Amino acid sequence: MTFQVWGWRREASQLWAWVPDAEGGRRAAMPRRTPATKDPTAVERANLLNMAKLSIKGLIESALSFGRTLDSDYPPLQQFFVVMEHCLKHGLKVRKSFLSYNKTIWGPLELVEKLYPEAEEIGASVRDLPGLKTPLGRARAWLRLALMQKKMADYLRCLIIQRDLLSEFYEYHALMMEEEGAVIVGLLVGLNVIDANLCVKGEDLDSQVGVIDFSMYLKNEEDIGNKERNVQIAAILDQKNYVEELNRQLNTVSSLHSRVDSLEKSNTKLIEELAIAKNNIIKLQEENHQLRSENKLILMKTQQHLEVTKVDVETELQTYKHSRQGLDEMYNEARRQLRDESQLRQDVENELAVQVSMKHEIELAMKLLEKDIHEKQDTLIGLRQQLEEVKAINIEMYQKLQGSEADLKEKNEITARLEEKTNKITAAMRQLEQRLQQAEKAQMDTEDEDKKYLQECQSKFDGLQKQISQKEKQLVQLETDLKIEKEWRQTLQEDLQKEKDTLSHLRNETQQIISLKKEFLHLQDENHQLKKIYHEQEQALQELGNKLSESKLKIEDIKEANKALQGLVWLKDKEATHCKLCEKEFSLSKRKHHCRNCGEIFCNACSDNELPLPSSPKPVRVCDSCHALLIQRCSSNLP
């Protein structure tokens with residue numbers, strides 16, 4: 001009795017379906033109304049979840065009864081892919097493109113490559129298939145390849161976890177965004193039992209119609225009564241899980257062996273490096289001791305040399321200070337004398353300037369007198385003679401003054417007298433008109449005074465020459481003293497240069513000592529760092545030794561457990577008549593129970609324990625001895 005569901009139609013929260021009638025035909029079933037309180041999307045999710053459960057369960061049962069690898073023409077397998085396609089399509093967002101609206105499941109399946117690196121091979125192979133033209137065909141090929149790899153559950157689990165990325169493709173009420181998606185992914189783990197051999201290249205996956213056939217999931221009375229067959233299938237599944245667990249344990253043991261070998265190699269390398277480091281530390285310590293001794297000797301020598309040089313420098317500085325004081329005193333005296341002489345010279349030059357100006361004034365006055373004399377030739381003949389004599393005297397005095405420019409310091413009195421006489425002459429010249437009669441008497445008086453004045457000038461000129469000669473002698477002595485002082489200064493400068501050279505040499509030696517101190521401190525720091533590295537390496541070796549001892553103990557435990565497990569076999573119900581632990585005979589009241597860990601048969605009292613095993617994440621029945629052994633392993637694995 002088979003029939004096919006041709007389609008679903010949804011109108012006003014009603015679900016229509018085609019069902020068979022009594023005559024073998026088809027009729028439309030009454031609409032199944034959903035309660036007003038239920039969400040229609042929740043009803044759709046529940047229906048798809050139930051269909052996924054039925055398809056997965058039917059596929060597993062039929063594959064185990066079929067007893068070989070499944071082909072692409074196998075009907076339950078085709079229906080499984082159709083149900084998975086409907087589950088992935090539920091709640092998809094419509095994507096707008098330039099030409100039309102797009103709604104495919106290939107977009108979320110492409111995300112798996114980014115989240116799960118092992119899925120890149122499937123994506124690349126799907127894109128390389130020549131016959132696929134639509135995104136839906138690529139998604140169908142991807143599902144088939146994932147089933148052949150037995151990693152469909154792992155891929156979809158990674159996709160469900162990333163709900164932020166899924167929200168770009170699905171609505172918030174979609175099956176993949178809710179708990180039903182996680183349940184379907186958990187059900188897909190059971191498909192790892194199936195071996196599928198599907199040819200994807202030859203199939204036309206683009207044009208297939210995804211219609212669910214419900215006829216496969218309707219059971220006859222014969223199927224309901226076939227309990228022994230279900231028991232056999234369950235026993236086969238248990239045996240397969242048991243064998244897979246043994247294989248996993250063997251793989252872990254081999255990996256642990258390889259890890260122990262690598263740890264031993266690394267341990268030997270670390271021991272060799274530690275020995276090399278110890279030798280290097282010993283060499284560095286010896287070099288450090290040698291450098292310290294050499295540094296101490298250098299410091300002693302430099303300190304002695306510095307003390308000797310300090311004493312010499314102090315004595316030389318004292319002598320230099322005394323000599324410098326005497327030279328400073330001599331230099332100050334010479335400087336004072338030079339200042340006095342320069343002041344005297346300036347005074348003489350000023351006096352000469354005054355006399356020159358007075359001469360010009362006298363010449364002007366003489367011209368005026370000549371004019372008056374021309375007017376009064378008769379009365380001023382005698383006065384002209386006197387004036388000519390005065391002019392001759394003045395010319396002689398001017399010539400003498402030119403010859404004695406350097407000796408005019410002491411002629412202040414002479415110039416003052418000359419000024420007085422010139423003033424008197426000017427006054428007399430003004431009074432000549434009134435006192436023409438007294439001119440003769442005044443002429444006689446002036447001649448006498450001129451004679452006396454000439455005598456006084458000659459005597460003063462002689463005194464000035466004597467003073468100039470004395471001062472020239474003093475200048476010669478001062479020049480000799482200055483030469484001596486210059487030579488003394490040159491010698492002192494040479495001594496200072498030598499002292500500066502010695503000081504620079506001493507500074508260089510001190511800088512070398514400072515650099516040696518810095519090198520010594522740097523070597524001390526390196527020594528401390530090497531000691532720290534040595535202690536850290538010792539601690540690391542100790543930790544590695546502890547880890548090696550722990551790993552060896554774990555390996556021994558695993559070896560013992562492996563030895564115990566290698567002899568274990570899944571016993572058949574017919575072979576066991578008594579309990580393995582209490583040795584009581586089985587009966588209708590005392591039933592047989594398999595231990596999922598060791599495969600032996602026990603009574604209910606001796607196997608009333610449940611623990612999760614690697615073959616099944618859910619707690620499974622385990623005997624008392626295996627329960628104690630597994631708990632002991634878990635406690636030893638805990639930190």
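Q: Is H593 buried or exposed?
A: This is a predicted model. In it, H593 is buried, because its relative accessible area of 19% falls under the 20% cut-off.

Q: And which strand is H593 found in?
A: H593 belongs to strand β8, which covers residues 593–594.

Q: What is H593 in contact with, leaving aside its neighbours within four places in sequence?
A: With those neighbours set aside, H593 contacts E600, I601, F602, C603, N604, S607 and R621.

Q: Changing topic: which residues gather in the patch of negative charge on the surface?
A: That surface patch brings together D312, E316, E494 and D495.

Q: Which helices each supply at least two residues of it?
A: They are α10 (227–375) and α13 (439–566). D312, for instance, lies in α10.

Q: What does D312 count as, at 39% relative accessibility?
A: D312 counts as partly exposed, because 39% lies between the 20% limit for buried and the 50% limit for exposed.

Q: Now to helix α6: how many of its 10 residues are buried?
A: Seven of them are, so helix α6 (residues 152–161) is mostly covered.

Q: Which ones are buried in α6?
A: The buried residues of α6 are M152, A153, Y155, L156, C158, L159 and I160.

Q: And what covers them?
A: The cover over the buried residues of α6 includes α2 (75–89), α3 (106–115), α4 (120–128) and α5 (135–149). Helices α7 (163–166) and α8 (179–188) are also included in that cover.

Conventions
Residues numbered from 1 in each chain as written. Predicted model: local features only at pLDDT ≥ 70, side-chain atom pairs only at ≥ 80, totals over all residues. Heavy atoms only, no water. Patch = residues over 30% accessible without salt bridge, like charges linked within 9 Å, V, L, I, M, F, W, Y side chains within 5 Å. Areas by Shrake-Rupley, 256 points an atom, 1.4 Å probe, with all protein chains shown as cover. Salt bridge = Lys/Arg side-chain N within 4 Å of Asp/Glu carboxyl O. Lys, Arg positive; Asp, Glu negative; His and termini not counted. Charge placed at Lys NZ, Arg CZ, Asp CG, Glu CD. Helix = DSSP H or I, 4+ residues; strand = E, 2+ residues; numbered from the N terminus. Buried < 20%, exposed > 50% of the residue type's maximum accessible area, 1.4 Å probe, protein only. Contact = heavy atoms within 4.5 Å.
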